[in-house]
Amino acid sequence: MTRPVILTGDRTTGPLHIGHFAGSLRNRLRFQDSHEQFLLLADTQALTDNAHDPGKVRRNVIEVALDYLATGIDPERTTICLQSGLPALAELSMLYLNFVTVSRLERNPTIKDEIRARGFGRDIPAGFLCYPAAQAADITAFKATVVPVGEDQAPLIEQTNEIVRRINATAGKTILLEAQAIIPKAGRLPGIDGKAKMSKSAGNAIALSAPPEVISAAVKAMFTDPNHLRIEDPGQVEGNVVFAFLDAFDEDLVTLEELKAQYRRGGLGDGKIKRRLDEILQALIGPIRTRRTELAKDLPYVLDVIRSGTERARSHTETTKHEVVEGLGLFVL
Ligand code: TRP
């Protein structure tokens with residue numbers, strides 16, 4: 001029995017944070033046993049909105065790889081590979097761009113949101129507008145059928161499947177496989193300031209490498225219920241960042257439900273729930289940080305992991321490229 005193939009990845013724009021851990025990293029640990037998993041260090045995609053700073057994109061290849069390894073991704077069971085080291089992905093992207101229109105790219109809700117967030121106006125880097133075709137290349141090159149991503153990425157998978165159907169129709173046979181997005185039910189972890197998205201650039205994230213005092217400071221600064229002034233006041237659990245984090249990381253669900261009830265009734269102070277969360281986060285991040293510090297001392301090992309993963313990935317991606325070129329009936333010398 002061959003296992004279903006999973007492909008996911010991260011743009012290498014910064015080290016990962018506990019939002020990534022809650023949303024994707026910890027699921028990836030589980031997929032190692034049930035799926036054939038590829039993790040893509042998406043440096044060329046990172047460049048689509050960071051062309052002014054390729055050094056940042058390069059540096060963060062190592063940072064993200066360290067985050068993968070420190071959280072328990074096992075390179076024996078998961079293939080960690082570098083996007084720019086896989087030329088077939090670029091070649092497939094060029095082919096796929098002929099099966100998608102500019103207006104369809106512009107209508108992609110993910111792209112629309114990201115263009116707005118980045119304030120590109122009409123000055124959109126062409127590579128950025130076209131990255132959905134490149135992401136389709138990533139997914140299909142590995143023949144992935146399962147793509148676990150955040151909700152914001154769902155339109156990219158939809159567009160991938162459109163390209164897959166067009167290419168298969170043109171070839172008159174099934175060369176590429178459609179993929180299914182798997183979106184975590186829990187939703188995304190908010191930033192410590194209560195904003196919907198945790199991100200390093202917004203300064204509302206807790207890095208997986210955060211030292212103990214930084215974790216404690218972040219928990220202290222967390223947005224709770226602004227109307228919960230005195231301990232005896234009834235407080236709100238919804239929209240309360242501390243409870244959102246407890247929902248994500250507290251394994252003692254019974255106690256957590258009791259705490260929520262008490263908070264709603266009144267009589268439970270922010271200090272107490274913050275202390276609980278601080279303990280949980282220190283216990284979660286502590287071992288990751290220690291392991292990350294150790295790994296960072298052995299960069300040749302980390303590079304070796306990336307190099308050998310990329311080599312392993314290369315044969316898969318080259319095979320698919322060959323099948324597409326042949327399937328479309330292009331000249332094969
Ligand atoms: N777009 C993803 C992100 O921003 C990264 C990514 C690149 C990816 N290629 C992919 C995710 C393929 C899933 C599948 O994080």
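Phe128 and Tyr131 are both buried in this predicted model. The centres of their rings lie 5.4 Å apart and the planes meet at 70 degrees, so the pair of Phe128 and Tyr131 is edge-to-face, given that planes over 60 degrees apart are counted in that class. These two residues also belong to a cluster, in which ring pairs link Phe120, Phe128 and Tyr131.

The count of aromatic pairs comes to five. One of them is formed by Phe38 and Phe142, a tilted pair with 4.6 Å from centre to centre and 40 degrees between the planes. This pair connects distant parts of the chain, since Phe38 sits in strand S2 (residues 36–42), whereas Phe142 lies 104 residues away in the loop between helix H8 (131–141) and strand S4 (146–148). Phe38 and Phe142 are both buried.

Turning to the helices, two packed helices are described by the angle between their axes and the distance between the axes. Helix H3 (residues 54–70) packs against helix H13 (residues 270–296) at an angle of about 130 degrees, and the axes are 9 Å apart. That angle makes H3 oblique to H13, and the crossing of the two helices is right-handed. On the H3 side the contact is made by Glu63, Leu66, Asp67, Leu69 and Ala70, while H13 contributes Ile288, Arg291, Arg292, Leu295 and Ala296. Sorted by class, the residues in this contact of H3 with H13 comprise six nonpolar and four charged ones, with no polar residues.

Methods:
Residues numbered from 1 in each chain as written. Predicted model: local features only at pLDDT ≥ 70, side-chain atom pairs only at ≥ 80, totals over all residues. Heavy atoms only, no water. Axes fitted to C-alpha atoms, helices over the stretch in contact; angles between N-to-C directions. Helix = DSSP H or I, 4+ residues; strand = E, 2+ residues; numbered from the N terminus. Parallel < 35°, antiparallel > 145°, perpendicular 65-115°, else oblique. Left-handed = near helix turned anticlockwise from the far one by under 90°. Contact = heavy atoms within 4.5 Å. Nonpolar A, V, L, I, M, F, W, Y, C, P; charged D, E, K, R; others polar. Phe/Tyr/Trp six-rings, centres within 6.5 Å; stacked < 30°, edge-to-face > 60°. Buried < 20%, exposed > 50% of the residue type's maximum accessible area, 1.4 Å probe, protein only.
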